[in-house]
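Subject: Structure handover

Hello,

Here is the structure for you to take over. My notes on it follow below.

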Amino acid sequence: MTPPVTVAVDGPVATITFDRPDKLNAADLAQCHALEAAVAAVGAEAGVRVVLIRGAGRSFGSGIDRDMLAGGMPPDFLPSHERAYAALEDMDKLVIAVLHGHALGAGLLVALACDLRICSTDAVLGLLAARYGLFPAMGTFRLPRLIGLGPARRLILSGETVDPPEAHRLGLVDHVVPAERFDDGVAELVARYAALSPAAVVAIKRLTGRAFDAPRDTVLVEALPLLAACLAAPDVDAASAAWRARRPGPGLR
């Protein structure tokens, strides 16, 4: 039996893939627990710099599996998801959601817990819970922090879907790549992000994560040792040497 979530490591990049294509990667409890285990596994991989979250088949993730809901939502469904999402947010690696097809409900919720979102032009995004008398769990916390309170509240209350250009305008996704060259476009973006200094990525991820809930002076105190770690790593000297030689350094250009 194929596991509902698979993990592959290729050098500095680990890929976690939802693998229920016959269900459009709808989330059930087994997938939920498998995601939690997969996140823990890649988080422990010392050589991994970038973690991709993808979906097999025609969909990234189409929401909650309705067959599971026929018996009521399992008590551990939300807590297990939140343990996985928190681990994605807290790990010292860059986490990128790679969205195509459906990125709805639980599918979009996992993307909100990632650091960046790369989106195919064929994607449809939305949080549909309000249509069914529910609310999108901690999406009510993460989405306002990402795109602002007003737009987030409207999207959640309306249950509307958005296309990639609108998602990009809102700040819901960071890159939009044509569907006909999606894999190549994703590979190019991932290669550039993977080339960034790990120490800088850790600092940026931690400090931007504190931007909405910590006083400025507290963040400054936390920033000082992170800056020292960047300066002690070889990446700063390598970037300076590239600049002197007029070679492009890492990052997006």
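Arg 20 and Asp 28 form a salt bridge through their side chains, at 3.5 Å from N to O. A salt bridge here is a side-chain nitrogen of Lys or Arg within 4 Å of a carboxyl oxygen of Asp or Glu. Both Arg 20 and Asp 28 are buried, where buried means under 20% relative accessible area, exposed over 50%, and partly exposed in between (1.4 Å probe, protein chains only).

Before the rest, a note on the source. The model is predicted, so to speak of a local feature pLDDT must be at least 70, and side-chain atom pairs count only at pLDDT 80 or more, while totals for chains, interfaces and linings use all residues. Residues are numbered from 1 along each chain as its sequence is written, and side-chain values use heavy atoms, with hydrogens and water left out.

Salt bridges

By the rule above, the count comes to 18 salt bridges. Side chains of opposite charge can pair when their charged atoms come close.

Arg 142 and Glu 82 form another salt bridge, in which the closest N and O atoms are 3.0 Å apart. This pair links distant parts of the chain, since Arg 142 is in helix α5 and Glu 82 is in helix α3, 60 residues apart. Helices (H or I, at least four residues) and strands (E, at least two) are DSSP runs, numbered from the N terminus. Arg 142 and Glu 82 are both buried. Elsewhere, a network of salt bridges links Arg 145, Arg 210, Asp 213 and Glu 222.

Pockets

The largest pocket has a volume of about 920 Å³. On a 1 Å grid over the protein atoms alone, a pocket is an open set of points where a 1.4 Å probe fits, with protein on both sides within 12 Å along at least five of seven lines; lining residues have an atom within 4 Å of a point. Grid points are joined across faces, edges and corners, and the volume is the space filled by probe spheres set on the points.

There are 28 lining residues in the largest pocket, and Cys 114, Asp 115, Lys 205, Thr 208 and Gly 209 lie nearest its centre. At least two lining residues come from each of α3 (77-90), β6 (116-120), α5 (139-147) and α9 (198-209), with α9 giving the most, seven. The lining has 14 nonpolar, two polar and 12 charged residues. Ala, Val, Leu, Ile, Met, Phe, Trp, Tyr, Cys and Pro count as nonpolar, Asp, Glu, Lys and Arg as charged, and the others, Gly among them, as polar.

The second largest pocket has a volume of about 510 Å³. It is lined by 23 residues, and Ile 64, Ala 106, Ala 129, Leu 134 and Phe 135 are the closest to its centre. Its lining divides into 17 nonpolar, four polar and two charged residues. The largest share, five residues, comes from α3.

Sheet

Three strands make an open sheet in the order β5-β7-β8, with mixed pairing; two strands pair if DSSP finds at least two bridges between them. The edge strands, β5 (102-104) and β8 (161-162), each pair on one side only. β7 (residues 124-126) runs antiparallel to β8 and is joined to it by two bridges. Gly 126 has Thr 161 in β8 as its bridge partner.

Regards
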